Amino acid sequence: MSRFLQILESIFQKRILPLFLSVSIIIDYTLTFYFADSIKEILENEFSPILLFAIENNVVIPYFIVIVFFYYGISYSVLKALEGTKLYYFGASIILLMSITHFLGGMSWYIRETYYSNAIFTLSMVSILFALGLFGYEIIRID
């Protein structure tokens, strides 16, 4: 059991966990472009307004590179800021949840079921609500 906890602890390190998010974004967009029948289909069905903007303006590759590094940098910065606090593992959990959501989002182009897409959208909303809840908690908390 202690080996499992060591592995879990290493995953939640501030340098490793942001890699999960970056890799999940790469997987998400790769699967999106691989399984979509056409660019028109992506434009009609994609949730991400920024990706839609990148496709419409023919800047997908630069957008893709920037977003992967941006997400890594932001995730790392958040974990570094939360390091040593009680909220560190909550922040890490949000990043892990976002990683799972991106991976499953890419798979939605293969599965193509409404209930599946809605479940992924719900996961995204849970991540946002979780983050807002923790932010609110920090604001009203009196030490």
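Visitor: What is the handedness of the crossing of H5 and H6?

Guide: The crossing of H5 and H6 is left-handed; the term applies if the near helix is turned anticlockwise from the far one by less than a right angle, and right-handed applies if clockwise. Helices (H or I, at least four residues) are DSSP runs, numbered from the N terminus. This is a predicted model, in which local features need pLDDT of at least 70 and side-chain atom pairs count only at pLDDT 80 or more, while totals for chains, interfaces and linings use all residues. Residues are numbered from 1 along each chain as its sequence is written, and side-chain values use heavy atoms, with hydrogens and water left out.

Visitor: Why are H5 and H6 called roughly antiparallel?

Guide: The axes of H5 (residues 60-82) and H6 (residues 88-111) cross at roughly 160° and come within 8 Å. Angles over 145 degrees count as roughly antiparallel, so H5 and H6 are roughly antiparallel to each other.

Visitor: Which residues make the contact?

Guide: From H5 they are Tyr 71, Ser 75, Leu 79 and Leu 82, and from H6 Tyr 88, Gly 91, Ala 92, Ile 95, Met 98 and His 102, where contact means heavy atoms within 4.5 Å. By class, 7 are nonpolar, 3 polar and none charged; Tyr counts as nonpolar and Gly as polar.

Visitor: What makes Ser 22 buried?

Guide: Ser 22 has a relative accessible area of 6%, and buried means under 20%, exposed over 50%, partly exposed in between (1.4 Å probe, protein chains only). Ser 22 is therefore buried. This residue of H2 (residues 17-35) touches Val 68 and Tyr 72, not counting residues up to four places away in sequence.

Visitor: Asn 58 and Arg 112: how do you know which class of accessibility each has?

Guide: Asn 58, in the loop between H4 (49-56) and H5, has a relative accessible area of 69% and is therefore exposed. Arg 112, in the loop between H6 and H7 (114-140), has 37% and so counts as partly exposed. Phi of Asn 58 is near 55°, a positive value in a residue other than glycine; phi of Arg 112 is near 55° too.

Visitor: Which residues touch the most other members of the largest nonpolar core?

Guide: Of its 18 residues, they are Ile 25, Tyr 29, Tyr 63, Ile 67 and Leu 79. Such a core is a set of buried Ala, Val, Leu, Ile, Met, Phe, Trp, Tyr and Cys residues joined through side-chain atoms within 4.5 Å. H5 gives the largest share, 5 residues.

Definitions and conventions
Axes are lines fitted to C-alpha atoms, for helices over the stretch in contact, and angles run from 0 to 180 degrees between N-to-C directions. Helices (H or I, at least four residues) and strands (E, at least two) are DSSP runs, numbered from the N terminus. Angles under 35 degrees count as roughly parallel, over 145 as roughly antiparallel, 65 to 115 as roughly perpendicular and the rest as oblique.
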